[in-house]
Amino acid sequence: MTRQEALAAVYERLADCTVVTIMGAVAAELQALGHRPNHFYLQHAMGLASSLGLGLALARPDLSVVVLDGDGSLLMN
């Protein structure tokens, strides 16, 4: 399964979640599936999507927060 196929497979389940993505291909491929106002494309901040997602989840426990991160970003943070 490719990354694009994986995103397409979970896309409908993200409708009611706050979604934070890393920069680059993940953000572009998610946008290509259709932008939603609950999607935040974190640009120029490699390695910080998980930190932002954690902060959102702690500040707003009423929200379901999903972070779409990558291996390079995990290594950066």
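What follows is a chat about the helix packing, core and loops of a predicted model.

Colleague: Let's start with the helices. At what angle do α1 and α2 pack?
Modeller: About 45 degrees, with the axes 10 Å apart. Here α1 covers residues 3-10 and α2 covers residues 25-33. That angle makes α1 oblique to α2.

Colleague: Is the crossing left-handed or right-handed?
Modeller: Right-handed, as α1 passes α2.

Colleague: And which residues meet there?
Modeller: On the α1 side you have Arg3, Gln4, Leu7 and Ala8. They meet Ala25, Val26, Glu29, Leu30 and Leu33 of α2. By type, the contact splits into six nonpolar residues, one polar and two charged.

Colleague: OK, on to the core. Which members of the largest nonpolar core touch the most others?
Modeller: Leu14, Val19, Leu30, Ala49 and Leu68, out of 15 residues in that core. Both β1 (18-21) and α2 supply at least two residues each.

Colleague: Which element gives the most to this core?
Modeller: That's α2, with three residues.

Colleague: Which residues of α2 are buried?
Modeller: Val26, Ala27, Glu29 and Leu30. So a glutamate is in the buried set, given that Glu counts as charged.

Colleague: What covers them?
Modeller: The cover includes α1, β1, β2 (39-41) and β3 (65-68).

Colleague: What happens just after α2?
Modeller: Glycine 34 sits there with a positive phi of about 135 degrees. Further on, the loop between α2 and β2 holds arginine 36 and proline 37.

Colleague: Take the arginine. Is arginine 36 buried or exposed?
Modeller: Buried: its relative accessible area is 14%, and the cut-off for buried is under 20%.

Colleague: What does arginine 36 touch, not counting residues up to four places away in sequence?
Modeller: Tyr11, Glu12, Leu14, Ala15 and Tyr41. Tyr11, Leu14 and Tyr41 are also on the contact list of leucine 30.

Colleague: Changing topic, where does glycine 70 lie?
Modeller: In the loop between β3 and α4, the helix at 71-76. Glycine 70 counts as buried, at 16% relative accessibility.

Colleague: How far is glycine 70 from alanine 49 in space?
Modeller: C-alpha to C-alpha, 9.5 Å, for a pair 21 residues apart in sequence. Ala49 is one of the core residues we listed as touching the most other members.

Definitions and conventions:
Residues numbered from 1 in each chain as written. Predicted model: local features only at pLDDT ≥ 70, side-chain atom pairs only at ≥ 80, totals over all residues. Heavy atoms only, no water. Axes fitted to C-alpha atoms, helices over the stretch in contact; angles between N-to-C directions. Helix = DSSP H or I, 4+ residues; strand = E, 2+ residues; numbered from the N terminus. Parallel < 35°, antiparallel > 145°, perpendicular 65-115°, else oblique. Left-handed = near helix turned anticlockwise from the far one by under 90°. Contact = heavy atoms within 4.5 Å. Core = buried A, V, L, I, M, F, W, Y, C linked by side-chain atoms within 4.5 Å. Buried < 20%, exposed > 50% of the residue type's maximum accessible area, 1.4 Å probe, protein only.
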